[in-house]
Amino acid sequence: MGYRILIIDDDRELCALLKRSVRTEGLEADLCHGGAEGKRALAEKDYQLVVLDVMMPGLDGFETLEQIRKESAVPILMLTAKDDSESKVRGLRAGADDYLTKPFHMEEFLARIQSLIRRYTCFGSFEEGCRRLEFDGLAIDLDAYAVETVRGTFELPPKEFEVLLYLVQHQGRILTKQQIYEAVWKEPYIYDDSNIMAVISRLRKKIERSGGSPAYIQTVKGIGYRFNRDV
């Protein structure tokens with residue numbers, strides 16, 4: 001299958017450079033130079049990834065992101081010249097899957113988009129044979145509701161498995177406790193963190209390599225959790 005990405009950025013020179021670069025990876029790219037134009041393109045074609053700039057005239061990247069997320073779960077890599085945590089957190093909370101600050105090395109850009117596409121195409125095809133997910137020192141068996149680690153194999157209760165899978169499906173993305181709770185428990189979040197914290201604690205005892213800094217499920221202070229992008 002040939003994968004196609006959509007690049008939304010008002011910098012035409014950068015767009016042309018990115019398009020040439022992704023073609024060396026066997027990817028096709030369409031270019032749009034504004035948020036409204038990008039939304040129209042998404043409505044007309046299927047894309048496996050969107051590269052979205054934050055600073056654009058008219059409909060900016062954050063507004064475009066929020067509107068895309070109302071209609072699509074396509075992975076989104078945000079680009080920005082801003083190197084401040086507030087913008088990064090805002091984008092991730094609004095549904096961005098990854099974040100890259102300009103200027104960036106093209107090798108890193110290409111690695112990020114390939115990682116997002118692989119994750120999306122695998123997680124979007126569980127019923128088509130992708131029944132085992134493998135990471136560095138951790139394997140997840142989707143049929144057996146089990147994890148395999150260096151310390152053995154553990155069958156997980158449904159809520160533990162669903163929380164882990166939700167984190168893995170959004171690998172690298174910061175997820176709030178509210179997002180996790182509403183996605184897994186299927187009910188409104190009432191600001192009671194005890195369920196989530198207890199599940200995360202039990203998961204860590206089973207999958208983490210040691211009692212030190214978690215390798216897989218990381219805590220993002222004041223926000224929530226994420227599954228480590230680098231494993």
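**Entry 1: the hairpin**

Which residue takes a positive phi in the hairpin of S11 and S12? I found that Gly 222 does, with a phi near 80°, and that three residues lie between the two strands. I note that this is a predicted model in which local features need pLDDT of at least 70 and side-chain atom pairs count only at pLDDT 80 or more, while totals for chains, interfaces and linings use all residues. Residues are numbered from 1 along each chain as its sequence is written, and side-chain values use heavy atoms, with hydrogens and water left out.

I took helices (H or I, at least four residues) and strands (E, at least two) as DSSP runs, numbered from the N terminus. Two strands pair if DSSP finds at least two bridges between them. I then looked up the pairing of S11 (residues 217–220) with S12, which is antiparallel and has four bridges. Gln 218 stands opposite Arg 226 of S12.

S12 (residues 224–227) is also joined to S10 (residues 175–176), by two bridges and again in antiparallel fashion. Here Thr 176 has Gly 224 as its bridge partner.

**Entry 2**

I next traced an open sheet of five strands, with parallel pairing and the order S2-S1-S3-S4-S5. Its edge strands, S2 (28–32) and S5 (98–101), each pair on one side only. Neighbouring strands are turned by 20° against each other on average, direction ignored; axes are lines fitted to C-alpha atoms, for helices over the stretch in contact, and angles run from 0 to 180 degrees between N-to-C directions.

Within this sheet I examined S1 (residues 4–8) and S3 (residues 49–53), which run parallel and are joined by four bridges. Leu 6 has Val 50 of S3 as its bridge partner. Helix H2 (residues 35–44) packs on the sheet and touches S1, S2 and S3, its direction making about 160° with that of S1. Contact means heavy atoms within 4.5 Å. Helix H1 (residues 12–23) lies across S1, S2 and S4 (76–80), at about 170° to S2.

**Entry 3: the nonpolar core**

I looked up the largest nonpolar core, which has 30 residues. Such a core is a set of buried Ala, Val, Leu, Ile, Met, Phe, Trp, Tyr and Cys residues joined through side-chain atoms within 4.5 Å, buried meaning under 20% relative accessible area (1.4 Å probe, protein chains only). Among the members touching the most others are Val 163, Ile 217 and Phe 227. H6 (158–169) gives the largest share, seven residues.

Key: Buried means under 20% relative accessible area, exposed over 50%, partly exposed in between (1.4 Å probe, protein chains only).
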